[in-house]
Amino acid sequence: MAKAPNKPEAPAGDAPPKKGGKMLMIIIIVVLVLLIVVAGAIGALILLKKGGGENGDHAEAPAAVAPPSAVDLSRPPVFAALDAFTVNLRREEGDHYLQAIIALRVTDQKTADALKGFMPEIRHRINLLLSSKLPSEVQTIEGREALALEILDQVNSALGFPPPAPGQRMTVATPVQSVLFNSFIIQ
């Protein structure tokens, strides 16, 4: 049996490739990919924070202010229509009449149904309020908006919810949310 010839030894400078070299290459590629992802995220964060403006202050203001009320399209609003009101307005010069058709926006259908039990008191309060107004007080848009808020306070008060303190109107939850005039005629 013959022995296989010995392999010649490699010179000291030509070492065989190590198996750890592949692993080192994979680690370097993973680190480079992570650096690219982090750099992209930081760039996107800077662009979003600026919000297209010169400095970052502009992006914080809209984020801090929430919309006053978001519309939930899955739940349509519920309205309770009231019968028409016809009242004599306070005398300014001559006789003036007001005819108004009012709808109340309520929280849900259950509240709209419950309003029927309070309707005599609600109509009484609205009649007194409308008849206490001068024609000049309700001819402007601002006057009508103020009247709608007064009616809102009266209706919620009839339901057992006291009027909110000044400045807290938007934060207090009440069963009747707003008053809408479908028709408003002064003659």
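A salt bridge here is a side-chain nitrogen of Lys or Arg within 4 Å of a carboxyl oxygen of Asp or Glu. Okay, ground rules, then we'll look around. This is a predicted model, where local features need pLDDT of at least 70 and side-chain atom pairs count only at pLDDT 80 or more, while totals for chains, interfaces and linings use all residues. Residues are numbered from 1 along each chain as its sequence is written, and side-chain values use heavy atoms, with hydrogens and water left out.

So, how many salt bridges does the structure hold? Three. One of them joins Arg125 and Glu121, at 2.9 Å from N to O. These two sit four residues apart in helix 3, so about one helical turn separates them; helices (H or I, at least four residues) and strands (E, at least two) are DSSP runs, numbered from the N terminus. Arg125 is partly exposed at 22% relative accessible area, and so is Glu121, at 34%. For the cut-offs, buried means under 20% relative accessible area, exposed over 50%, and partly exposed in between, with a 1.4 Å probe and protein chains only.

Next pair: Glu150 and Lys133, with the closest N and O atoms 2.9 Å apart. This one links distant parts of the chain, as Glu150 is in helix 5 and Lys133 is in the loop between helix 3 and helix 4, 17 residues away. Is Lys133 buried or exposed? Buried, at 12%, whereas Glu150 is partly exposed at 29%.

Zoom in on Val179, in strand 4, residues 176-186. Val179 is buried, at 11%. Which residues does Val179 contact, leaving aside neighbours within four places in sequence? With contact meaning heavy atoms within 4.5 Å, the list is Ile102, Ala103, Leu104, Ala148, Ile151 and Leu152. Val179 and Ile102 are 77 residues apart along the chain, yet their C-alpha atoms are separated by 6.9 Å.

Last stop, helix 5. The buried residues there include Leu147, Ala148 and Ile151, and the buried set packs against strand 3, helix 3, helix 4 and strand 4. After helix 5 comes Gly160, with a positive phi near 95°. That's my tour.
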